[in-house]
Amino acid sequence: MQGDREVLRKVLPLARDAMAAGHLTEAITAVMAVVPHRQAATAAQLVDLLERACVYGPRMLVDFVWDELEPFAYRGWALALALRCAREDVARDLLDKGVRLMEDPPMAEGYRTIAAHERSLSRFDLTQGSAGLFAEARQRTVCTEVFAPFRGEEQLVGGTFATSTNLASTCDVVGRLAGEGLFDDVEFDDLLRAALLRAAQLGHAPDPSQPEAQDACLALARRMLRLYEKRGLGGGYLGLVLGNFLHDRTDESILTFLCREAPQAVHEALESFSWMADDGELLRRLVAHLSPGTPQQNAHLLRLLARFGYLPQMRAVAKWPGTSDAQALDQALEAASGAGHAQAASWLLGRRRSLAPAVAPAAQGSDDIAKLLL
């Protein structure tokens with residue numbers, strides 16, 4: 001075994017260097033030299049060779065490494081790196097082999113000897129089995145890595161990956177594969193989240209070398225939303241994914257995108273997430289970009305705005321269906337008067353009184369509003 005390790009110590013760097021240099025023959029020769037000593041190699045060393053093959057390619061090299069060195073303890077990051085580098089043929093190859101982006105690191109008994117690597121193999125990113133998956137918008141998952149630039153810390157062993165990426169190309173590949181239904185529901189939903197997250201990051205810190213990068217991420221998100229709406233692709237996490245981006249710290253471009261491209265999801269989030277009812281600044285910002293929902297959703301939004309006394313926003317929403325009937329106005333009146341917003345309550349009372357006498361407000365409600373106005 002010691003002799004095997006000594007051989008690997010010499011051969012593995014040759015394989016890594018040949019892959020990075022694009023020397024296919026030398027890379028295949030070095031991998032062939034690894035094969036007789038495979039049992040002495042660590043899981044990290046083997047996974048690293050697969051990942052380097054996926055970054056530098058071509059597909060012939062990926063297939064050779066796969067066939068000669070499998071099984072690999074972990075494969076999800078290899079697919080993420082292939083997508084990051086827009087190597088569509090390699091990504092398709094891995095998907096055909098059953099590789100999943102969000103697959104968990106190994107926990108099987110056969111890998112007990114590499115316990116120290118079980119988390120480092122996935123670089124501590126969240127995977128499909130992670131308890132906190134989809135808990136918040138800015139979490140780091142394996143899907144996040146698809147849209148990330150190389151940071152010099154991706155390698156499991158050996159030197160860093162010396163290559164560049166083009167985010168527009170990455171988004172194009174991801175969108176094409178998603179349109180073919182090649183990602184499972186968890187992958188689909190989290191790729192959409194990751195694309196929006198990268199767009200938000202680029203809104204705060206643009207990449208001068210890729211001025212089109214944020215638009216590319218938003219175009220991918222738009223494409224995936226249409227796939228969800230028209231073809232039912234994706235899963236049950238999408239509402240949570242979009243809702244997690246709706247807070248008062250979200251970049252204006254992302255809020256605008258969500259309101260325009262997924263207005264129904266925004267309305268559903270307003271109904272589902274109780275914390276949004278307490279975020280007045282978010283409500284104010286949303287109305288500037290949001291289109292009407294169902295009559296019930298519109299009435300709900302009017303009531304939320306009335307609670308904060310946001311009269312200009314209330315006037316805008318009052319043009320939407322469902323906001324001018326007796327029940328909607330009564331609920332909004334109650335919210336405005338209960339919060340002490342006399343001007344908003346007065347405006348709502350005027351609209352309420354304009355209805356037919358048969359649906360005039362109850363006497364007690366009128367008394368309460370009169371006291372507020374006094």
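This is a predicted model: local features need pLDDT of at least 70, side-chain atom pairs count only at pLDDT 80 or more; totals for chains, interfaces and linings use all residues.
Local features need pLDDT of at least 70, side-chain atom pairs count only at pLDDT 80 or more, and totals for chains, interfaces and linings use all residues. Residues are numbered from 1 along each chain as its sequence is written, and side-chain values use heavy atoms, with hydrogens and water left out.

User: How many salt bridges does the structure hold?
Analyst: A salt bridge is a side-chain nitrogen of Lys or Arg within 4 Å of a carboxyl oxygen of Asp or Glu. The number of salt bridges in the structure is 28.

User: How many residues apart are Lys 97 and Asp 63?
Analyst: Lys 97 and Asp 63 form a salt bridge, with their closest N and O atoms 3.1 Å apart. The pair links distant parts of the chain, Lys 97 being in the loop between helix 6 (88-96) and helix 7 (117-120) and Asp 63 in helix 4 (residues 59-69). Helices are DSSP runs (H or I, at least four residues), numbered from the N terminus. The separation of Lys 97 and Asp 63 is 34 residues.

User: Which helix holds both Glu 229 and Arg 226?
Analyst: The side chains of Glu 229 and Arg 226 meet in a salt bridge, at 2.9 Å from N to O. The two residues are 3 residues apart, about one turn of the helix, and both lie in helix 11 (residues 213-231).

User: What is the relative accessible area of Arg 151?
Analyst: Arg 151 meets Glu 153 in a salt bridge (3.3 Å, N to O). Buried means under 20% relative accessible area, exposed over 50%, and partly exposed in between (1.4 Å probe, protein chains only). Arg 151 counts as partly exposed because its relative accessible area is 36%.
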